[in-house]
Amino acid sequence: MLAALCAAVLAGGCATGQPRPVLGQELAEAQTFPYYRVYWVGPRFAGYPITAADGQKGYIATVGDSVYYGDCVHGKGVLGTGTCQLPLQVTTVIYRLHANSSLGPQRNTVIRGVPAVVYDEGRSIELYSGRMAIDIFSDTFAHAIRAAGQLLPLNAPGSASGDLPAPVFCPGLSGPMDAHLQKVMKNLPRHACQQAQAAVAFANSLS
């Protein structure tokens, strides 16, 4: 897995020197990704440059498209005793219904106006927007929540201010939801959660 991660983030991903900025051609390919909006947090994040970006080449629908920041300089890399953990990775993937219970201890919340779940001791956040799940993987909660506030489209017009587009599906949240989140879920476009609940009830009635 470590070798795969190093390959994914290219030379900067698990290097012991300073991370190289992403090549212009590589970034241009990500900026023209044709299938859906890909999110990032700009060319730099918390002092770390963008060091790799996926594009259409080698795209796998179930994996999504990712943007990577920094390397393992400030953590325990391949020469240390830990794993190679980047300061930030932002992955955008088409949402497929799943139960979030598999994420382990988690907290459901609202971030940028959309449902989200915080897990992995706060280092990871999944936000739901449009047809997409936007996954933030970071080394600290501070980085993860900061990144969530700076998300903007890489391959489409948009800014990091204001709310994200509401999801057109009902996220499979697990665990308690506060009143604010319940209201957001209730008012999703086309009453997505009410429709999902009705479909489940109908299927149960048949069985």
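A residue is described here as exposed when its relative accessible area is over 50%, and as buried when that area is under 20%. In this predicted model, Ala179, Lys183 and Lys186 of helix H4 are exposed. These residues lie on the other side of H4 from the buried residues Leu181, Val184 and Met185. Viewed down the axis of H4, the buried residues fall within an arc of 100 degrees, so they line one face of the helix. Their packing partners are strands S6 and S7 together with helix H5 (192–206). At the N-terminal end, H4 is capped by Asp178, from which a side-chain oxygen lies 3.2 Å from the backbone nitrogen of His180.

The sheet is open and comprises eight strands in the order S2-S3-S4-S5-S9-S8-S7-S6, with antiparallel pairing. Strand S2 (44–45) and strand S6 (106–111) form its edges, each pairing on one side only. Within the sheet, strand S7 (residues 114–119) and strand S8 (residues 124–129) run antiparallel and are joined by four bridges. Tyr119 stands opposite Ser124 of S8. Helix H4 (residues 179–186) packs on the sheet through contacts with S6 and S7, and its direction makes about 65 degrees with that of S6.

A further helix, H3 (residues 141–150), lies across S2, strand S3 (48–53), strand S5 (88–94), S6, S7, S8 and strand S9 (132–138). The direction of H3 is at about 145 degrees to that of S9.

Note on methods. Residues numbered from 1 in each chain as written. Predicted model: local features only at pLDDT ≥ 70, side-chain atom pairs only at ≥ 80, totals over all residues. Heavy atoms only, no water. Pairing = 2+ DSSP bridges. Helix = DSSP H or I, 4+ residues; strand = E, 2+ residues; numbered from the N terminus. Contact = heavy atoms within 4.5 Å. Axes fitted to C-alpha atoms, helices over the stretch in contact; angles between N-to-C directions. Buried < 20%, exposed > 50% of the residue type's maximum accessible area, 1.4 Å probe, protein only. Arc of directions from axis to C-beta. Polar contact = N/O pair within 3.5 Å; in protein donor to acceptor, adjacent residues only side chain to side chain.
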